[in-house]
Structure formats: structure tokens, C-alpha cells
Amino acid sequence: VQLQASGGGLVQAGGSLRISCAASGHTFSIYMMGWFRQAPGKEREFVATINPSGTSTVYRDSVKGRFTISRDNAKNTVYLQMNSLKSEDTAVYYCAATTIWTQSPRLYNYWGQGTLVTVSS
């Protein structure tokens, strides 16, 4: 499956942004989808994941209550709605796909190219 992330940009602290990831190739609806992020000089970290039907989600603690992952299988797209953004959310955000229910980036088989989110304080 090929993944294309989009929607990143510059936003002020406290603001909101929605990023998207469009999939093509294989059947999107069979995959668990995840969002990861990587800040300069830091390792890539898990942000959120969603199961194929969209009924189960997991978030890293620091984004709970602020970020929402969702998917539209008819549009082969997964979203990350980010509210109450903080400067520490600044990173390149990557979407990824796997057939395993996991938060480990090593177990995601397919990756998008990343979209940069910059939060100014």
C-alpha cells in the first residue's frame, strides 16, 4: 500500500490542524493505521493508532484529549485532528500501515513520506 500524508503547516500554540493520509494500492480497510512523529534530534515516536473498522484507538499519553485519529475506509484515508497544539508537538508526522495491533514503529510495514507540523509559541 502506498501512503501520502498531507495537511501539515504552521499553526500558533493553542490552535488546531488536521492532517490526512491517503492510501492506494492494496485494500486499505484491512490495515491498522498509525500516526508517528519525529522531532529534530529525537527518535520517531508513536502518536495514535486505529483499527481497521475505526472502532478502537490508542493514543500516547501526551496527546490524549487533544488529538483524534479517525478513518474513512470509503475514501482510503486516515486523519489526525490535532487541537490545543503545543510547541512540543512540532515534528514531522508520518502515517503508517500494519496488519498487527501495535504501537511499535518497527512493526509497521508501510510508511508515508511525512508532513511537517510546526507550532509557534
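**Disulfide, sheet and a loop residue**

A disulfide (a pair of cysteine sulfur atoms within 2.5 Å) joins C21 to C95, with an S to S distance of 2.1 Å, and the structure holds one such link. This is a predicted model, in which local features need pLDDT of at least 70 and side-chain atom pairs count only at pLDDT 80 or more, whereas totals for chains, interfaces and linings use all residues. Residues are numbered from 1 along each chain as its sequence is written, and side-chain values use heavy atoms, with hydrogens and water left out.

**The disulfide**
- Because C21 lies in strand β3 (residues 17-24) and C95 in strand β9 (residues 91-98), the pair ties together parts that are 74 residues apart in sequence; strands are DSSP runs of E, at least two residues, numbered from the N terminus.
- The link of C21 and C95 is right-handed, with 60° about the S-S bond.
- Both C21 and C95 are buried, meaning under 20% relative accessible area with a 1.4 Å probe, protein chains only.

**The sheet**
- An open sheet is formed by four strands in the order β1-β3-β8-β7, with antiparallel pairing, where two strands pair if DSSP finds at least two bridges between them.
- β1 (2-6) and β7 (67-72) stand at the edges with a single partner strand each, so one side of each is left without a neighbour in the sheet.
- Five bridges join the antiparallel strands β1 and β3, and C21 in β3 is the bridge partner of A5.

**The loop residue N109**
- N109 is found in the loop between β9 and β10 (110-111).
- Leaving aside neighbours within four places in sequence, N109 is in contact with A97, T98 and T99, contact being heavy atoms within 4.5 Å.

Technical notes: Buried means under 20% relative accessible area, exposed over 50%, partly exposed in between (1.4 Å probe, protein chains only).
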